[in-house]
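I opened the model to look up its strands, some helices and a few single residues. My entries follow in the order I made them.

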Amino acid sequence: MLSCQNLTVQAGPSGPFILDHAAARFLPNGLNAVIGPSGCGKTTLMKAILGILPATGEAYLNDEAIRCTEDLIGKVGFAPQFTTAQPQLTVKESLSYALELAVPDSAERQRRLSSVLDVTGLAVHQDKRVSSLSGGQLRRLSLGLELTLDPACMVCDEVTSGLDPQSEDQILALLRQLVESRGKSFVCIIHNLGKLKQFDWVTVVYQGDVIFQGSPASLLTYFAIPDGLRLYEVLNAQNLEHWRNRWAIYQAENPNDFAQANAQVKKNSPENIVPSHLTIPDGVSQFLTLLSRRFKLFFRDTGYLGLTLAITFGFPLLIIIFNIEGTWDIFKIPMDRNVASMQDIQQALQIQISNAQVASLAAGLVMFQVILLTLMGANNGGREISAERTLYEKERMTGLRPWSYASSKITFVSLIAIFQGVWMCVFVKIICRFPGPWSEQIVMLAATCVSMSIVCLGFSAMLASPEKSSLLSIYLVGFQLPLSGVVLALPAALTWICRPFINAYWGWSGYINSMMSTDLYGAYTSSLPDQSSFIASPTLSLVLLLVQGLFGVCLVVIGCQQKRWN
């Protein structure tokens, strides 16, 4: 069963100690309660034991050292305070996807699904969406998600917090049933001290250290209180050093307390063997499961779907209103400048000005398309991972491979971005009749949106807060126009410092250059103050967009490898 020695957690290199050399051991095949005043370190203790939080000291499962959360896959489950299930999925779908990510055999998945629905009492609610469940039903679903791997031990963070007394009793009765029928072990962080009698073993955490462990009856004797509700009043009457010294003396005088409690619980429940090895689905199978789930969520989330459709089909309309007739009248200058009259010179000047205006409009509309696509990219990737980070970290504890998750996210945002880029190009080109090859222009705009989507996805992977990652993505879009050097000329010293990092410049440049064989391109280059201005070829532009996209991929991979619990 779970235990720890000298476990220490510090808030930053020079911050205070949240957990200070704590030692604890929990009963196998029983109900364990972890209690203590708010902010004393209860959740920190359990997360440190499970490897969720970085800590020094030793943590063990059945006397084997726990080096990381991956050591606990299939052996220990963790049910956080709030369910990580996606609100748009039904109960059955949530459990089914959890099983597909963790159990390779389809027959075994079906058996476990039926078993979990039955034991948690959720069978009658299996077709309800998670968003419509009550608090007690959400707690049951959270337990059910952990039971999909059938772990021998489960850690439950405030499993009854916020529930009415009847729902609390129902959840605790469910846990007791699993202990007595299946030999499960539960470690429950709880606040309601009136429920301590329903537990077999109680751990008291105070100011970052464990200062008592024993049966509920022993706790009342130890603290000389008539019931658990008086505990915190007595605790706060003394400092931490007092309780540490008293606990050390008590342990020396009562060395057999744990063994006696362990023997007692074993009489009432079957032994649950912790598996030494767990077979999980391969990475490709997990990738396909995640991609399927993401598209289902995409079409179920009407708010996000509506926003995506609005900008996908609405933004191109903003482009065509500036040239809805699709005319690009570029005129030749009909004169020999050596013998031209003043009237011919004036006519040529007017034609040159007209051509420059038309060409500038075309270049501006291309840049407008590119900027709007970068904004779509920010919407695609800016919150994609950070908004569900807790779910991802939870699924890693059940065997989800980081590369499968990262690949599914990159694929999802890329497919959305490709559709947006293709639609933008096709719709605008048909209405506005931009000259130049279809294939090159479609590829340029699609690549622009894909590249920005993946870079913003990288921000989402690196930051735990969806607000921060979304804001950073919007800032990046805001820099595109001024730093592209297309509308406002950059100082020469900054041009090639900024330009390699500006997605919009390469999308614009590749699109404009694809018109090289047309009169519109000649009119645009002729209107430039600097006739030697560099306009990159579609090939070079694609290479730079690819490099930027690969940079985003690196951020996604690095971010998904790191542990970033919200």
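I started with the sheet: 4 strands form an open sheet in the order E2-E1-E4-E5, and the pairing is antiparallel. Strand E2 (17–25) and strand E5 (64–65) are at the edges with a single partner strand each, so one side of each has no neighbour in the sheet. Strands pair here if DSSP finds at least two bridges between them; strands (E, at least two residues) and helices (H or I, at least four) are DSSP runs numbered from the N terminus.

I noted the source of all this. The model is predicted, local features need pLDDT of at least 70, side-chain atom pairs count only at pLDDT 80 or more, and totals for chains, interfaces and linings use all residues. Residues are numbered from 1 along each chain as its sequence is written, and side-chain values use heavy atoms, with hydrogens and water left out.

Next I checked E1 (residues 2–10) against E4 (residues 56–61), and found them paired in the antiparallel sense over 5 bridges. I picked threonine 8, which lies in E1 and has threonine 56 as its bridge partner in E4. Is threonine 8 buried or exposed? I found it buried, at 7% relative accessible area (buried is under 20%, exposed over 50%, partly exposed in between, with a 1.4 Å probe and protein chains only). Leaving aside neighbours within four places in sequence, I listed the contacts of threonine 8 (heavy atoms within 4.5 Å) as Phe17, Leu19, Asp20, His21, Ala55 and Thr56.

I then looked at backbone angles. Most residues other than glycine have a negative phi. Asparagine 62 has a positive phi of about 50°; this residue lies in the loop between E4 and E5 and is partly exposed at 39%. Alanine 224 also has a positive phi, near 55°. I placed alanine 224 in the loop between helix H6 (216–223) and helix H7 (231–235), and it is exposed, with a relative accessible area of 67%.

For helix packing I took H3 (residues 106–120) and H5 (residues 165–182), whose axes come within 10 Å and cross at roughly 125° (axes are lines fitted to C-alpha atoms over the stretch in contact, and angles run from 0 to 180 degrees between N-to-C directions). That makes H3 oblique to H5, since angles under 35 degrees count as roughly parallel, over 145 as roughly antiparallel, 65 to 115 as roughly perpendicular and the rest as oblique. The contact involves Ser115, Val119 and Thr120 of H3 with Leu174, Gln177, Leu178 and Arg182 of H5.

Last, I checked helix H13 (residues 389–396): 7 of its 8 residues are buried, so H13 is largely enclosed by the rest of the structure.
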